[in-house]
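Here are a few friendly notes to read alongside the structure. Please have the viewer open as you go through them.

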Amino acid sequence: MRAAVIQFPGSNCDRDMAVGFDRASGDNNRAQLVWHKESNLPKDIDIVGIPGGFSFGDYLRCGAIAARSPIMRSVIEFAKKGGYVIGICNGFQVLTESGLLPGVLMRNSNLKFVCKDIELKVKTTKSAFTNAHKIGDVVTYPVAHHDGNYTADTEILKALHGDDRIAYTYVNNPNGSVDDIAGILSDNRRVLGMMPHPERMNDPALGGVDGNKLFESIASALVSA
Amino acid sequence: MKARVHVTLKNGILDPQGAAVKHSLGALGFEGVDRVRQGKIIELELSETDTAKAEEQVKNMCENLLANTVIEDYSVEIL
């Protein structure tokens with residue numbers, strides 16, 4: 001699997017994400033880190049990861065400025081051609097701001113920054129990101145965000161439910177997101193956005209290995225030559 | 001030429017920050033505040049001298065970056 005991880009000023013866990021991809025594919029140092037000012041993705045990429053953090057200081061709106069950076073034009077084109085993209089935390093915000101995923105992530109309903117390990121329920125196994133799971137599996141991932149309150153209009157929600165595009169829900173909703181949504185898929189099921197951080201829970205030294213399942217799912221779905 | 005953009009949450013979109021401000025005003029003893037909505041003001045200085053063209057330009061900026069039209073409304077004032 002050849003992964004590219006995008007780095008914006010203020011990104012975090014970008015290296016953790018790269019390590020996650022590399023470990024799952026059993027190939028050290030293969031994931032490439034790509035600076036936001038680049039206008040093209042490396043050639044023959046299988047998946048693009050957009051990491052968490054507070055890109056551009058969350059100025060204007062979370063993810064808004066990152067979504068309009070030069071590399072994102074290339075990422076949008078890649079996704080529109082059927083490429084796989086995963087956005088975690090701020091990466092999810094970048095994906096909604098860039099129009100690759102519907103809806104919007106608003107300020108947490110209790111206005112508090114939430115930073116803790118929480119339980120998520122896997123809602124679909126029909127995706128490259130969750131195929132190693134069984135429906136209803138509960139995983140524990142950390143969350144760390146101020147704007148994770150997912151909102152969308154009723155038409156979008158109907159499509160997300162009807163087309164089995166909700167990937168994860170919170171067991172105990174920490175941010176007020178509609179229908180406890182923690183992660184969603186694009187209509188072609190190849191773009192995943194999620195607020196929790198699997199890459200922060202994929203080594204015993206980090207307190208758990210639940211996050212490995214996500215990277216293993218991706219690696220098994222995207223075995224490249 | 002200067003332009004001022006007001007960005008506000010659409011009606012029907014919950015504004016927890018506005019609600020917190022309203023609560024705090026009540027706690028300070030300000031009575032009769034029925035609703036608070038919080039938004040943003042963005043001021044731009046433009047080299048364009050034609051008002052209509054400037055307004056068109058700024059509207060385009062709003063659609064592309066300054067507002068997220070999924071949840072926000074905007075209005076443009078040319079000063």
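1. A word on what you are looking at: this is a predicted model.

2. In chain B, three strands make up an open sheet, ordered β2-β1-β3, with antiparallel pairing. The edges are taken by β2 (39-45) and β3 (72-78) of chain B, each of which pairs on one side only. From one strand to the next, the twist averages 20°.

3. Next, please look at helix α2 (residues 51-66) of chain B. This helix lies across β1, β2 and β3 of chain B, and runs at about 155° to β3(B).

4. Where the chains meet, nine residues of chain A are in contact with seven residues of chain B. On the chain A side, the residues that touch chain B comprise four nonpolar, one polar and four charged.

5. Is Arg200(A) buried or exposed? Arg200(A) sits in the loop between β13 (191-194) and α6 (212-221) of chain A. Arg200(A) counts as buried because 24 C-beta neighbours lie inside 10 Å, and the cut-off for buried is 20 or more.

6. Which residues does Arg200(A) contact, leaving aside neighbours within four places in sequence? They are Cys13(A), Asp16(A), Pro142(A), Leu206(A) and Gly211(A). Arg200(A) also lies 7.3 Å from Tyr141(A), C-alpha to C-alpha, with the two 59 residues apart in sequence.

Conventions: Residues are numbered from 1 along each chain as its sequence is written. Chains are lettered from A and ligands numbered from 1 in the order in which they are written. This is a predicted model: local features need pLDDT of at least 70, side-chain atom pairs count only at pLDDT 80 or more; totals for chains, interfaces and linings use all residues. Two strands pair if DSSP finds at least two bridges between them. Helices (H or I, at least four residues) and strands (E, at least two) are DSSP runs, numbered from the N terminus. Axes are lines fitted to C-alpha atoms, for helices over the stretch in contact, and angles run from 0 to 180 degrees between N-to-C directions. Two residues are in contact if their C-beta atoms, placed from the backbone, lie within 7 Å. Ala, Val, Leu, Ile, Met, Phe, Trp, Tyr, Cys and Pro count as nonpolar, Asp, Glu, Lys and Arg as charged, and the others, Gly among them, as polar. A residue is buried if 20 or more other C-beta atoms lie within 10 Å of its own, exposed if 12 or fewer, and partly exposed in between; C-beta atoms are placed from the backbone.
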